[in-house]
Amino acid sequence: MRILKSHPLLKMVNSYLIDSPQPANISYLWNFGSLLAVCLIIQIATGVTLAMHYNPSIAEAFNSVEHIMRDVNNGWLIRYLHANTASAFFFLVYLHIGRGIYYGSYRSPRTLVWFLGTIIFLLMIVTGFLGYVLPYGQMSLWGATVITNLMSAIPWIGQDIVEFIWGGFSVNNATLNRFFSLHFLLPFVLAAFALMHLIALHDSVGSGNPLGVSGNYDRLPFAPYFLFKDLVTIFLFILVLSTFVFFMPNVLGDSENYVPANPMQTPAAIVPEWYLLPFYAILRSIPNKLLGVIAMLSAILMLLVLPFSDLGKFRGIQNRPLSKVAFWAFIANFLILMQLGAKHVESPFIELGQISTALYFSHFLIFIPAISLLENTLAELSAYNKGFSSAPK
């Protein structure tokens, strides 16, 4: 055990995974970080294996995926594991972000941790989109065409950017090669940012806790207490993931993507993967193309506003009833946007999308600061009344 505290590399591992002091009262909601690390490891391992058999050309991309599924030993397992873990990755990151918002993890001194987490989320979205294009089915082709065409909304240079991304005048071999290269590279960049995220958390005051108070007075080492606690949820995660992989591997996919790409035939509805639907709904709810692109990007970057828009005196919203109502209303609105992103662009879905988009941005820019100021006032009045009533007669 002495080598763990003397060897330069093992000393760092020991400080993060063994002796790292954690608040004694953190719940299972703090296990999402370890689950996301498991997802990233699975994605890199399966992705490297798939890359050995994938051919990034418009003539062979679809066939190479079929070759992986049918001819490569356990190729079907690797591919289904990669595809379903991508969905699990986004599902868990949404839970992780939701927990962070609920418990105020974005507030000082963890603001840098929150900013790095937002960058990781952006990288995940880009990586997920690039991977969605690679099988080169119908939805891959038309999804790539629609999303890359959004760059044409940039004044003067937009069309040049689109053609630079394509490497030509349409989605072609150069496009697939570029997307494949970036999709292979970005997970390692993601891993570097995840390490920075962990270091920033470790170098600040460490993890928060459900009470929103300082946990410096009651801490336990990470191992064995929280290590085994993490293993419980990891085993449960593997069980649920295995259920999807072995019994319903295609339930989250689009049937159009099992049809070879055909540039002469447009699908009835062009939709991204489920985890990008809320932002796609925001994009479509704005009539102007450029403003729609700005709104879609801003919807993600709104997370960076939270440390400044939350003016409450208390960390987290577990003891703030009005903020709790606003939080759950925001979650409901986010789920509505997810449903609207998969609908056709027609009435009443257009109007509902515009209302939900307005509510989404209002939550960050209006509701959070207004409610936090109101709660501060109510807390001061309550403290004043208590002090007045306890004063000597």
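## Close-up views of a predicted model

**View 1. His-202, an annotated position.** In the UniProt record, an unreviewed entry, the annotation "binding site" covers His-202. The model shown here is predicted. His-202 sits in helix H8, which spans residues 173–203. Is His-202 buried, exposed or partly exposed? His-202 is partly exposed, because its relative accessible area is 30%, between the 20% and 50% cut-offs. Which residues does His-202 contact, leaving aside neighbours within four places in sequence? They are Ser-15, Tyr-16 and Ser-20.

View 2. On the domain 1 side, 39 residues are in contact with 34 residues of domain 2. The size of an interface is often given as the accessible area lost when the parts come together. For domain 1 and domain 2, the buried area is about 3,300 Å². Carbon and sulfur atoms give 70% of that area.

View 3. How many salt bridges cross between domain 1 and domain 2? The rule finds one. A salt bridge joins the side chains of Arg-107 and Asp-310, with 3.8 Å from N to O. Polar contacts between domain 1 and domain 2 come to 12 residue pairs, both residues at pLDDT 80 or more.

View 4. The bond from Ser-108 to Pro-109 is cis, and its omega is near 10 degrees. Pro-109 lies in the loop between H4 and H5. The bond from Ala-223 to Pro-224 is also cis, with omega near 0 degrees. Pro-224 belongs to helix H9, residues 222–247.

View 5. Tyr-136 is not a glycine, yet its phi is positive, near 55 degrees. Look for Tyr-136 in the loop between H5 and H6. Tyr-136 has a relative accessible area of 6%, so this residue is buried; the cut-off is under 20%. Trp-156 is not a glycine either, and its phi is positive at about 70 degrees. Where does Trp-156 lie? Trp-156 is in the loop between H6 and helix H7 (158–166). Trp-156 is exposed, because its relative accessible area is 85%, and exposed means over 50%.

Conventions: Residues numbered from 1 in each chain as written. Heavy atoms only, no water. UniProt positions renumbered as here; feature names shortened; annotations may be inferred. Helix = DSSP H or I, 4+ residues; strand = E, 2+ residues; numbered from the N terminus. Buried < 20%, exposed > 50% of the residue type's maximum accessible area, 1.4 Å probe, protein only. Contact = heavy atoms within 4.5 Å. Buried area = accessible area lost by both parts, 1.4 Å probe. Salt bridge = Lys/Arg side-chain N within 4 Å of Asp/Glu carboxyl O. Polar contact = N/O pair within 3.5 Å; in protein donor to acceptor, adjacent residues only side chain to side chain.
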